[in-house]
Amino acid sequence: SSHFSSAQHPLCHRSSTSDIAPPTHRPAPADQVLHHTMKSIQLFLTISWASMLPFYAQAHNIKDAGQVTTDEAMQSLMHQITDTLAIGAKESKLYQTLEATFEALPKNEEGYLSHQAVRYVLHRFFVQRYGWFIKGLEPNEEKTWHHEPVTGDETPKLKEWVPSFLQNLLEDKLHHRGTDLQGLVALVASLEELVQHEARDRLKMAYKIHGWALDTPLTREQADQAIRTWYVGFLLSGNFSASSHEEVERKEDMFARRYTGWDEANDWLMNLEKSHYEDVQDDTAIGFNSTAQLATKIGETYFHFNDLECKSLKDTLRGMESKKAGRVRLSTFYKKSLYSHWRFTEKADYLRKLGALDESDPQQPQVIVSNYIMARPNCLEASNLYAVCCRNECEDLMASLESQLKSSQAEPEQIVDIVSALGSDTVQAPWTMSSELRLRLEQVAATNGGKVPIHGRLFAQWMHHAYPRECPYPHESGTVSPLTPDEWMQSTGASDSSASQEEMKRAVESDVCEIDEQGKPKGPCNEDEALPWSEGEELLGHQPASPPAVAAAAASEEPVQAAGRSTAAPIFCGAVSMAVALTLLFDYWCAYRASHAGKEEVFYVNKVSSKELASKLAGLQKAMAVWALACVAWIMDILDTSIFGCAMCGGLGVLAVKRFAGRFVRKDVLHKL
């Protein structure tokens, strides 16, 4: 998250030792050289062996656990389709929850939902119930189907493939006539099951890190340790690895010190644990299933805790508003970052791509508060399947409207009566609607044949005018995309998604509406209060579905390739590191032998002197020390694998060049005296 600090990698422990020999037993000069040389080689070999530990005791990474395969997704959906035929308590509850939205959505001639309407319902359901933004179902995506450029017979690699794979599987079964309420329930239940499966697999990895067997009950203290390891991985987007119980404890302690807001996050977890184990005695053994249920409950309820952070963010931005409701001038946005602990640093280009930048007046760009709060930079990528983002408060308003209308369209007067009775965090109900807002709604109805389609773009824009701090501004399709910072940098080639200090200062200084020291605008400022309005209409259900064959093929390829990439880099780095170690050891041994021979019987009368050999020995010792420190830092996850690999390759290249160049240097004749 841009605003909620994350933990950093643990620091390297430093230690020193000294060997002091008794003065009466000092070795002779030649023996002393040999003694220190052998000690250096012994230390060097020890660290060399340690550098290979990742291959003998591979650290277990929580993110690697729970990767969904196509077989698992297919089996889950088929299982849920079978279960929905025999309606139980869970299925009955899902039917009741989804029915109101299903009835209010536009349908085809057979009474089924279109491909895009199903995605809309799924997104709404998971956001409202769990605060999950299921990856691949986010609103306002630039494309429903993302793929890399392909050549020849390569299969496109689809990102966030699970929802589309399940939906296409269901549509194939229904012969592409659309999706009914039963199919909708099956899709929801299947996604829930896959999320639970991932949570259980990650918990199994936490058990493995601690060295506990799944079929062995744990004490309450051990169960809490397993859950805390799972929770830290959850907060770190799965980027947490360890190979032993001791290592995980050290890293968790470091995480707790580094993570801003850990005390509050830990208190929330402890309260949840207390509630979960309310009927369990302290000395009762706790099985894996009970711990897994708690892990699932954390994922399903964390958004309640996250909402507190989101409210703090919203209140801060509201205190920075310009004359336009729900807008913050870009200069004010950056100024807050320059002179406070808040990190409002996203580049204008990135904000534009996210749909969080209002440039209706190009001279006065403004951040759209509701769009920005829900944007991906403020999300926790807690799972491979979903992200925990600030909830769209407009979804609650739309749910109330749908439940009362029970239709996909209505007369303007009917909508005015319902909406004016709906309150929000910043709008007190009942409220009096302005004549301008009523006129806008009538224009929407006129555009659509006399009635207002409540799932169209123009009505969403009208809701943004009615609730500018809760309802996001709906951009036209293809103009924005919910990219994470890393995805945006990869797609644009930018080196950073954050603006530099100089860029932010320039934006602040160039704003003529910025208030100076006397409390007056710096220059002529013609800022008004009107929110932008565009006439482009887009109705839900009119987007074409995507070819299912491509989704299935790409989905089956992606998980396998991701697994392969995770182990190749460390193996390569370890191999290069050992090559550097062996080369340094060989050079050191050769230099030592030459130095030892010179002290015994050789006097050099040419360019190669004993001083130069001593200097070479000292240089090699320094090189070995640097190599050892780099290996220790890499093993302890302080040094990134790519940086370590580049350093090792560079070192090996330098050694190879020096050895190769030595073949062309004239060898001086040595004269024995």
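Select Lys-107 and Phe-102. The charged end of Lys-107 sits over the Phe-102 ring, 4.9 Å from its centre (NZ of Lys or CZ of Arg within 6 Å of the ring centre and within 35 degrees of the ring normal).

This is a predicted model: local features need pLDDT of at least 70, side-chain atom pairs count only at pLDDT 80 or more, and totals for chains, interfaces and linings use all residues. Residues are numbered from 1 along each chain as its sequence is written, and side-chain values use heavy atoms, with hydrogens and water left out.

Next, the aromatic pairs. The structure holds 26 (Phe, Tyr and Trp rings, the six-membered one for Trp, with centres within 6.5 Å; planes under 30 degrees apart are stacked, over 60 edge-to-face, the rest tilted). Select Phe-234 and Tyr-302: their ring centres are 5.3 Å apart and their planes at 75°, so the pair is edge-to-face. Phe-234 lies in helix α8 (residues 220-235) and Tyr-302 in helix α11 (residues 288-318), 68 residues apart (helices are DSSP runs of H or I, at least four residues; strands are runs of E, at least two; both are numbered from the N terminus).

Move to Phe-459 and Trp-462. This pair is stacked, 5.6 Å centre to centre with 20° between the planes. Both residues sit in helix α18 (residues 457-466), three residues apart.

Last, select β4, β6 and β5. The three strands form an open sheet in that order, with antiparallel pairing (two strands pair if DSSP finds at least two bridges between them). β4 (327-329) and β5 (357-358) stand at the edges, each with a single partner strand. Zoom in on Val-328: it stands opposite Val-367 in β6.
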